[in-house]
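Open the model in your viewer and keep the selection tool ready. We will go from stop to stop.

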Amino acid sequence: MNIHIPTPLRVYTGGAETVAVPGATVAEVFDQLTSQFPELKQQLFNAEGKLRSFVNVYLNDEDLRYLPSKEATTVAATDELTIIPSIAGGTACCSCCPLL
Amino acid sequence: MLHITYTDYEALRAHGEETYPNECCGVLLGKSDAEGSHVRQIIRAGNTRTDSAHNRYNIAPIELVKIQRQARSLSLDIVGFYHSHPDHPAQWSPTDFAEAHWIGCSYVITAVEKGKAATTNSFLLTGTSEEDKKFVDQPIEIDVATLTQPKGQA
């Protein structure tokens with residue numbers, strides 16, 4: 001299946017914006033991806049092996065976090081996985097004062 | 001250096017005026033090379049932080065997915081983002097820094113003072129990871145001669 005890589009992570013995929021990776025589940029696809037491009041692993045996953053909180057993963061148009069089987073979700077060769085870091089911010093100084 | 005047409009530059013500033021007193025946000029599509037990033041199109045995005053839109057912004061991930069698809073179809077890349085600071089300086093805040101994850105991309109901030117766009121600054125997120133990232137000031141070069149195509153919206 002094709003995995004679409006966001007701009008900041010393409011430095012770890014040799015500049016490729018789309019990478020074709022085999023696998024029967026999302027987890028298998030991620031294993032293949034990080035085997036092929038080892039430096040991606042620490043960019044995508046924390047020390048516990050979980051996706052970093054700001055890394056969003058979409059299977060076609062579905063947020064992986066809300067799929068019932070999450071990383072164990074089966075995939076087809078025609079599916080597409082998109083990695084998309086979050087975008088947020090603002091003038092509030094921190095998360096403790098969102099309503100100032 | 002961030003290269004942007006006058007039309008796009010004024011459009012992102014106007015977006016901040018339209019959403020005042022709330023923050024606006026959007027995406028910069030273009031190409032990067034040794035001279036910096038060249039913005040070819042700006043895409044307005046919705047601010048999902050309706051609970052605190054006057055001092056926070058967030059772009060829905062699914063909207064980003066669609067914008068990234070749009071960029072791919074145009075053979076462009078996401079090279080940066082923009083947002084406004086209503087009645088605050090055009091400087092990155094601790095929240096902006098904490099929530100910045102697109103290393104190598106530009107973060108353009110426009111101060112909107114009493115509804116009028118004032119200073120616009122750009123900051124390049126540099127580094128190699130969350131642990132060593134930092135914002136550096138990025139000069140903006142405004143191209144007044146380039147004619148641009150009508151803008152799309154995701």
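**Stop one: where the chains meet**

Select the contact: 32 residues come from chain B and 26 residues from chain A. Two residues are in contact if their C-beta atoms, placed from the backbone, lie within 7 Å. This is a predicted model, where local features need pLDDT of at least 70 and side-chain atom pairs count only at pLDDT 80 or more, while totals for chains, interfaces and linings use all residues. Residues are numbered from 1 along each chain as its sequence is written, and chains are lettered from A and ligands numbered from 1 in the order in which they are written.

Now pick strand S6 (residues 87–89) of chain A. It pairs with S4(B) in the antiparallel sense over three bridges. Strands (E, at least two residues) and helices (H or I, at least four) are DSSP runs, numbered from the N terminus; two strands pair if DSSP finds at least two bridges between them. Click A:Gly89: its bridge partner in S4(B) is B:Tyr57.

**Stop two: the sheet of chain B**

Show the eight strands of the open, mixed sheet, in the order S8-S7-S6-S5-S2-S3-S1-S9. At the edges are strand S8 (134–138) and strand S9 (140–143) of chain B, each pairing on one side only.

Next, select strand S7 (residues 116–126) of chain B. S7 and S8(B) pair in the antiparallel sense over five bridges. Here B:Ser122 stands opposite B:Gln138.

**Stop three: one residue**

Finish at B:Leu28. Beyond neighbours within four places in sequence, B:Leu28 contacts residues including B:Val39, B:Ile42 and B:Phe81.
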